[in-house]
Amino acid sequence: MGAWHLERQLLYPGNIILETNNKANLLRELKNCREMNMQEKQLSRMDEREEALLKRLCGENHHLEMSRGVITRGSTQVTEGPLKGMEHRIRRIDRHKRLARVELAEKPEAELGYIPAGLEITDKNI
């Protein structure tokens with residue numbers, strides 16, 4: 001029988017998310033990248049609402065912690081962790097793997113889409 005363990009994975013493998021306090025410097029560096037024949041479609045700006053949501057979920061250490069919750073009469077209630085108060089964004093729960101599929105995008109054309117987040121359901125009442 002296997003034992004439970006925590007796994008760490010990249011939220012967006014193959015992507016780089018840049019954060020800066022000096023927007024002018026970042027824009028200058030991105031312009032230099034474009035001049036070195038990088039395609040424009042490879043660079044995109046994150047929507048401010050999605051950025052705020054990622055910061056809320058991952059905190060200052062940029063790590064999405066495990067959440068815990070219960071299911072009562074078919075409705076999920078997160079009792080602790082970063083998903084608390086964000087139940088409306090949970091699209092699917094895999095209780096066996098302790099994972100939730102969380103929708104990040106505020107609008108359908110957004111790049112972020114969905115992320116996996118740790119969610120342990122400790123009780124289910126019918």
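Author: Start with two definitions: strands (E, at least two residues) and helices (H or I, at least four) are DSSP runs, numbered from the N terminus. Two strands pair if DSSP finds at least two bridges between them. As a case, Arg101 stands opposite Pro116 in β5. This is a predicted model, in which local features need pLDDT of at least 70 and side-chain atom pairs count only at pLDDT 80 or more, while totals for chains, interfaces and linings use all residues. Residues are numbered from 1 along each chain as its sequence is written, and side-chain values use heavy atoms, with hydrogens and water left out.

Reader: How many helices and strands does the protein chain have?

Author: There are two helices and five strands. Along the sequence they follow the pattern α-α-β-β-β-β-β.

Reader: In which order do the strands lie in the sheet?

Author: Strands of a sheet pair through backbone hydrogen bonds, either parallel or antiparallel. Here the open sheet has the order β2-β1-β5-β4-β3, and its pairing is mixed. β2 (75-80) and β3 (90-94) each have a single partner strand, so one side of each is left without a neighbour in the sheet. On average, neighbouring strands are turned by 35 degrees against each other, direction ignored; the axes behind such angles are lines fitted to C-alpha atoms, and angles run from 0 to 180 degrees between N-to-C directions.

Reader: Which strands pair in the parallel sense, and over how many bridges?

Author: β1 (residues 67-72) and β5 (residues 114-125) do, over six bridges. Thr72, for example, has Asn125 in β5 as its bridge partner. β4 (residues 99-103) runs antiparallel to β5, and five bridges join them.

Reader: Which residues of helix α2 are buried?

Author: Buried means under 20% relative accessible area, exposed over 50%, and partly exposed in between (1.4 Å probe, protein chains only). In α2 (residues 48-58), the buried residues are Glu50, Leu53, Leu54, Leu57 and Cys58. They lie on the same side of α2 because they cover an arc of only 115 degrees around the axis, the arc being that of the directions from the helix axis to the C-beta atoms. What covers these residues includes β5. Just after α2, Gly59 takes a positive phi of about 65 degrees.

Reader: What share of the residues in the protein chain is buried?

Author: Buried residues make up 26% of the 126 residues. Arg89, in the loop between β2 and β3, is buried, with a relative accessible area of 11%. Its C-alpha atom is separated by 5.1 Å from that of Glu103, 14 residues apart along the chain.

Reader: Which residues does Glu120 touch?

Author: Contact means heavy atoms within 4.5 Å. Not counting residues up to four places away in sequence, Glu120 touches Met66, Ser67, Arg68, Gly69 and Arg98. Glu120 is found in β5, and its side chain makes a polar contact with the side chain of Arg68 (3.4 Å). A polar contact is a pair of N or O atoms within 3.5 Å; within protein, one must be able to donate a hydrogen and the other to accept it, and residues adjacent in sequence count only if both atoms are side-chain atoms.
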